[in-house]
Amino acid sequence: MELSSDRAVARLEMSQVQGEDGEPFSESSDGCYESLPPHVSVTTHMTAGAVAGILEHTVMYPVDSVKTRMQSLQPDPNAQYKSVYEALKRIIKTEGLFRPLRGLNITMMGAGPAHALYFACYERLKHSLSDIIQSGGNSHIANGVAGSVATVLHDAIMNPAEVVKQRMQMYNSPYRGLWDCVRTVTHTEGVGAFYRSYSTQLTMNIPFQAVHFITYELMQEQLNPHRRYNPGSHILSGAAAGAVSAAVTTPLDVCKTLLNTQENVALTSVNVSGHLSGMANAFRTVYRVGGLAAFFKGVQARIIYQMPSTAIAWSVYEFFKYFLTKQKLEQEAASGRL
């Protein structure tokens, strides 16, 4: 349904108005916050996505560093940790205050453009597929497919950044900095090393994002059925989506970490010479080194990282989407009155 700019702005403002009884103003579903995105430009989605992605990866980055180390199959005795808190405390004490932030620069460089494409693709595909599958209504199939396709674009940008990041996060990392890592890996292993784990990353992230988006939309149906801008519901839905999807995909994340870091001690212990490649080989190696339990190494850190990260990403994304949409519609309304 087409809305004039005056009516759209009015509805945005009405969603923030309190009724006489102190409760939020109730409006019909056709005037809700979520009815606006189809009219929003791709630039709005990309800007909101880029900001959300950078914040998602930076705020909880120290926990991500711990997760990478805890997924090590045969860690150095000085890098064996019992909990996330104990790991962070020991890393800061023995390696310096800023050691848990090593590799943050390359993560920020990749997260901005990766998430810009990710959210823009998701929003466009979700609405297009929902129109086909459910005549414009919310479709969980559309949400899952849109999230999966968006992941392919996201991972194409983030995979090289992940390789560099995880190698710099490891205990006793031999690299002096970002560009030293890029040059060394390129020289010794070739450019293909930056995409050695791409198939595994996709195999992990496609189900991760499908579960993530379906869980988020299911939670929104319960907590925010009218789809207004509601920060509390976005935070809770995002946290739940992050926890569930992180837990079920941890085995694939362990394999991805092994392919990215090429952990020498673990590979040598099972007589793997050269560089390990391929998801099937990674699965076999993880099982040979540590059995079934090895597939869930770092699961606690992964959930602790993903819950607030995903909550931050969704709340920031929804805020910027709302703010930029409202700003644009107000400008259109002002120009229409001239």
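Mentor: The expected span of a helix is 1.5 Å times one less than its number of residues. Please keep in mind that this is a predicted model.

Trainee: What span should helix α10 have, and how far apart are its end C-alpha atoms?

Mentor: Helix α10 covers residues 250-261, which is twelve residues, so at 1.5 Å a residue it should span 16 Å. Its end C-alpha atoms are 16 Å apart, in agreement with that expectation.

Trainee: How many residues of α10 are buried?

Mentor: Twelve of the twelve are buried, so α10 is largely enclosed by the rest of the structure. Buried here means under 20% relative accessible area. Among the buried residues of α10 are D253 and K256, as well as L252, V254 and L258.

Trainee: And how do α10 and α12 cross?

Mentor: The axis of α10 comes within 9 Å of the axis of helix α12, residues 279-290, and the two cross at roughly 100 degrees. Angles of 65 to 115 degrees count as roughly perpendicular, so α10 is roughly perpendicular to α12.

Trainee: Which residues meet there?

Mentor: From α10, the residues are L252, V254, C255, L258 and L259. They meet M279, A282, F283, T285 and V286 of α12. By class, this contact has nine nonpolar residues, one polar residue and no charged ones.

Trainee: Changing topic, where is Q201?

Mentor: Q201 lies in helix α8, which runs over residues 198-223.

Trainee: Is Q201 buried or exposed?

Mentor: Q201 counts as buried, because its relative accessibility is 3%.

Trainee: Which residues is Q201 in contact with, leaving aside neighbours within four places in sequence?

Mentor: They are D155, N159, E162 and K256. K256 is also one of the buried residues of α10.

Trainee: Now the whole chain: how many helices and strands does it have?

Mentor: The protein chain has 13 helices and zero strands. Buried residues account for 51% of its 338 residues.

Trainee: What about contacts across the sequence?

Mentor: Take the contacts between residues at least 6 apart in sequence: 77% of them join residues at least 24 apart.

Trainee: Lastly, what does the accessible surface come to?

Mentor: The accessible surface of the protein chain is about 15100 Å², and carbon and sulfur atoms hold 63% of that.

Technical notes: Residues numbered from 1 in each chain as written. Predicted model: local features only at pLDDT ≥ 70, side-chain atom pairs only at ≥ 80, totals over all residues. Heavy atoms only, no water. Helix = DSSP H or I, 4+ residues; strand = E, 2+ residues; numbered from the N terminus. Buried < 20%, exposed > 50% of the residue type's maximum accessible area, 1.4 Å probe, protein only. Contact = heavy atoms within 4.5 Å. Areas by Shrake-Rupley, 256 points an atom, 1.4 Å probe, with all protein chains shown as cover. Axes fitted to C-alpha atoms, helices over the stretch in contact; angles between N-to-C directions. Parallel < 35°, antiparallel > 145°, perpendicular 65-115°, else oblique. Nonpolar A, V, L, I, M, F, W, Y, C, P; charged D, E, K, R; others polar.
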